[in-house]
Amino acid sequence: EKEKTRNHTEDMIVQFGGEINVNVKEIRIKGGQEFTGQDVVVPGDISSAAFWLVAGLIVPNANVVLENVGINETRTGILDVIEAMGGKMTISDVDDIAKSAKITVETSELHGTEIGGEIIPRLIDELPIIALLATQASGTTIIRDAEELKVKETDRIQVVVDALNAMGADITPTDDGMIIKGKTPLHGAKINTFGDHRIGMMASIAALLVSEGDVELERAEAINTSYPSFFSDLEVLSHG
């Protein structure tokens with residue numbers, strides 16, 4: 001691998017009785033192995049949980065508890081960022097086999113941080129919502145080494161910058177990331193998701209902070225790609 005990435009497949013092969021050798025960035029596996037059926041506990045996707053984690057940190061008077069969230073070490077970059085920014089977060093009920101836990105967050109006074117290097121593969125899908133988080137942190141947050149964002153469902157660097165700036169943020173795009181200056185109040189705007197589910201969900205969480213105007217989403221149906229019940233869960237949390 002160019003960089004060490006998420007290892008769910010490697011873990012599953014071992015759980016099903018297979019043999020695999022992982023040496024830093026090199027993975028070796030022999031063909032013709034036989035697997036044995038297993039009972040599998042599937043934890044919740046941290047990429048989906050990320051939107052509620054951020055909501056719990058930035059919405060006033062919030063306290064959000066998420067159960068059975070996957071905390072595979074190759075996916076938990078956002079938790080490292082929350083800690084680096086001073087977020088109030090508790091991890092409990094850890095299941096070492098399923099690699100899951102209960103995560104509790106509450107409204108926090110956040111500060112900027114720098115995100116780059118080896119942590120990027122561990123949070124690449126969460127960077128749009130992390131960008132929103134950074135708009136509500138005092139000081140400057142720098143995201144670098146994230147060129148891969150340009151070849152996701154959209155050019156997520158430009159689309160995230162355009163969406164959040166339209167809502168009042170202060171973000172400058174760079175070749176491999178963005179520079180985010182906070183803390184900035186947000187206002188309503190018309191946001192085009194360009195068919196990217198993560199942009200739609202990010203803008204929806206941002207709308208929770210809007211005190212002036214409405215947030216109108218174009219192509220909001222893109223959210224169904226990964227989270228069909230997102231808006232119903234959002235409504236439950238908003239009135240919780």
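Start by selecting helix H1, residues 8-15, which gives the largest share of the lining of the largest pocket, four residues. Helices here are DSSP runs of H or I with at least four residues, strands are runs of E with at least two, and both are numbered from the N terminus. You are looking at a predicted model, where local features need pLDDT of at least 70, side-chain atom pairs count only at pLDDT 80 or more, and totals for chains, interfaces and linings use all residues. Residues are numbered from 1 along each chain as its sequence is written, and side-chain values use heavy atoms, with hydrogens and water left out.

**The largest pocket**

This pocket has a volume of about 470 Å³. Now select His8, Met12, Val41, Pro43 and Ala98: of the 20 lining residues, these are the closest to its centre. By class, the lining holds nine nonpolar, five polar and six charged residues. Here Ala, Val, Leu, Ile, Met, Phe, Trp, Tyr, Cys and Pro count as nonpolar, Asp, Glu, Lys and Arg as charged, and the others, Gly among them, as polar.

A pocket is an open set of points on a 1 Å grid over the protein atoms alone, where a 1.4 Å probe fits, with protein on both sides within 12 Å along at least five of seven lines; lining residues have an atom within 4 Å of a point. Its volume is the space filled by probe spheres set on the points, which are joined across faces, edges and corners.

**The second largest pocket**

Next, pick Glu3, Thr5, Ile120, Pro121 and Glu148, the closest to the centre of the second largest pocket among its 15 lining residues. About 350 Å³ of space lies there, and its lining divides into four nonpolar, two polar and nine charged residues.

**Backbone stops**

Jump to Lys99, in the loop between strand S4 (88-95) and strand S5 (100-106). Its phi is near 55°, a positive value in a residue other than glycine. Lys99 counts as partly exposed, at 22% relative accessibility (buried is under 20%, exposed over 50%, partly exposed in between, with a 1.4 Å probe and protein chains only).

Then zoom in on Gly182 and Lys183, joined by a cis peptide bond with omega about 5°. Lys183 sits in the loop between strand S10 (177-182) and strand S11 (189-192).

Phe194 lies in the loop between S11 and helix H6 (197-206). Phi of Phe194 is also positive, near 55°.

**Last stop: Ala206**

Finish in helix H6 with Ala206, which is buried at 0% relative accessibility. Show its contacts (heavy atoms within 4.5 Å): leaving aside residues up to four places away in sequence, Ala206 touches Leu132, Met167 and Leu186.
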